[in-house]
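This briefing concerns the structure shown below.

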Amino acid sequence: MSRAFRFVLRAREKLYQTGILKTMRLKHPVISVGNLTVGGTGKTPLVIALAEALRNRGLQPVILSRGYGRISRGVMVVRREKGHWKEWGDEPLLMKERLGNIPVLVGASRYEAGTLAEEAQLGNIFVLDDGFQHRRLYRDVDIVTIDPVEWADGEFLLPTGCWREPKTSLARAHAACVQEVPGVAVPPLPVPSFVVRTELQGIYKEGRPFASEMLHDRSVVAFAGIAKPDRFFSALESIGIYPVKKVRFRDHHSYTSHEIDELGGEMLITTEKDAMRLRTVTQRPYCYLRISANIPDFDGLMSLILARLPNS
């Protein structure tokens, strides 16, 4: 099956290279953040960091996302206070929560979402979430996030492995953002690379900071429905939180009240992405860990991005 998948990828690439498959251009520039594997490479924190940086430079960014796992159709603008997370997907809702007045739109066609944003004059630059494989939309900058552990483990394409494209596809990108993993070296890459450190911003509850000391000497249950939950559990231990139980769910898991009740414990802690899926599910109090992307050479990354934008 992986061999057949590789054949399809090669055929698709050839169609784009020859112009048989067309790309669509929006009026405003597009910065894409994507990856080569399935989940867990830090795309969402990077999208948030880039959107904040663009806003701080006087631009008006708009985020375009597919809205993975949503039940709605068409193009929708994500709202913070209205509706259920399944209308938009957990990651778009998380981005909206963190970014406040920056518009976030979801749509299977990012071109249609961008066109709607342009017609409504929502902004003047787009950040395309999980866009590396969305070739239909032209982008001025392509950034790929990489987990060096996955890179070192080899290349096993879907459906057998977790690779969406072969490593050679990285040559299409303009930059790579590589997660810092203790004991794992940053691999040599064919494009400029930037180390990304996961910064723990603290524990939150109901949108407000929550003292981690409140979890010490308590029966804490940690749970996560993300691609790489063990990194979340390790992060908790690094700040002195040692759960009595760790529960793993599949990525983007849709929780039920029964599942939350069955977790037990005095206190519950999860990821910020999971917290987006818990709002309408349970009355049990829970807190969550907030993380951000910290790029030591962020100025270098922004210089690369801005240099590629039209009229920069």
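Is Cys177 buried or exposed? Cys177 is buried, with a relative accessible area of 1%; here buried means under 20% relative accessible area, exposed over 50% and partly exposed in between, with a 1.4 Å probe and protein chains only. The model is a predicted one: local features need pLDDT of at least 70, side-chain atom pairs count only at pLDDT 80 or more, and totals for chains, interfaces and linings use all residues. Residues are numbered from 1 along each chain as its sequence is written, and side-chain values use heavy atoms, with hydrogens and water left out.

**Cysteines**

- The whole structure contains 0 disulfides, a disulfide being a pair of cysteine sulfur atoms within 2.5 Å.
- Cys162 takes part in no disulfide, and the nearest cysteine sulfur, that of Cys177, is 19 Å away.
- Cys162 counts as partly exposed because its relative accessibility is 28%.
- Cys177 is likewise in no disulfide, its nearest cysteine sulfur being that of Cys162.

**Nonpolar cores**

- The largest nonpolar core comprises 38 residues, and Ile31, Leu50, Ile143 and Leu301 have the most contacts inside it. Such a core is a set of buried Ala, Val, Leu, Ile, Met, Phe, Trp, Tyr and Cys residues joined through side-chain atoms within 4.5 Å.
- Helix 2 (residues 43–56) gives the most to this core, contributing 8 residues. Helices (H or I, at least four residues) and strands (E, at least two) are DSSP runs, numbered from the N terminus.
- A second, separate core has 16 residues, including Ile203, Leu215, Val220 and Ala224.
- Leaving aside residues up to four places away in sequence, Ile31 touches Leu50 and Leu54, Ile125 to Leu128 by way of Phe126 and Val127, and also Val141, Ile143, Ile305 and Leu309; contact means heavy atoms within 4.5 Å.

- Strand 5 (residues 125–129) is largely enclosed by the rest of the structure, because 5 of its 5 residues are buried.
- Both faces of strand 5 are covered: Ile125, Val127 and Asp129 are buried on one side, and Phe126 and Leu128 on the other.
- In a regular strand, side chains alternate between the two faces of the sheet.
- Strand 1 (residues 30–35) runs parallel to strand 5 and is joined to it by 4 bridges; two strands pair if DSSP finds at least two bridges between them. Within this pairing, Val30 stands opposite Phe126.
- Strand 2 (residues 61–65) also pairs with strand 5 in the parallel sense, over 4 bridges, and Leu64 has Leu128 as its bridge partner.

**Strand 13 and its neighbours**

- Strand 13 (residues 287–294) has 6 of its 8 residues buried, so it is largely enclosed by the rest of the structure.
- Strand 8 (residues 193–205) pairs with strand 13 in the antiparallel sense over 7 bridges, and Glu199 has Ser292 as its bridge partner.
- Strand 12 (residues 267–271) runs parallel to strand 13, with 3 bridges joining them; Leu289 is the bridge partner of Thr271.

- Thr282 lies in the loop between helix 8 (272–276) and strand 13.
- Thr282 counts as buried because its relative accessibility is 11%.
- Thr282 touches Ile260 and Asp261, residues up to four places away in sequence not being counted.
- Thr282 and Asp261 are 21 residues apart along the chain, and their C-alpha atoms are separated by 8.1 Å.

**Helix 3**

- Helix 3 (residues 90–99) is mostly covered, with 9 of its 10 residues buried; among them are Asp90, Glu91, Lys96 and Arg98.

**Aromatic rings and charges**

- There are 6 aromatic pairs. Rings of Phe, Tyr and Trp (its six-membered ring) pair if their centres lie within 6.5 Å; planes under 30 degrees apart count as stacked, over 60 as edge-to-face and the rest as tilted.
- Phe249 and Tyr255 form an edge-to-face pair, because their ring centres are 4.9 Å apart and their planes lie at 80°. Both Phe249 and Tyr255 are buried.
- Ring pairs link Phe223, Phe249 and Tyr255 into a cluster.
- The charged end of Arg172 sits over the ring of Phe132, 4.1 Å from its centre; this requires NZ of Lys or CZ of Arg within 6 Å of the ring centre and within 35 degrees of the ring normal.
- Arg290 lies over the face of Tyr204, at 4.1 Å from the ring centre.
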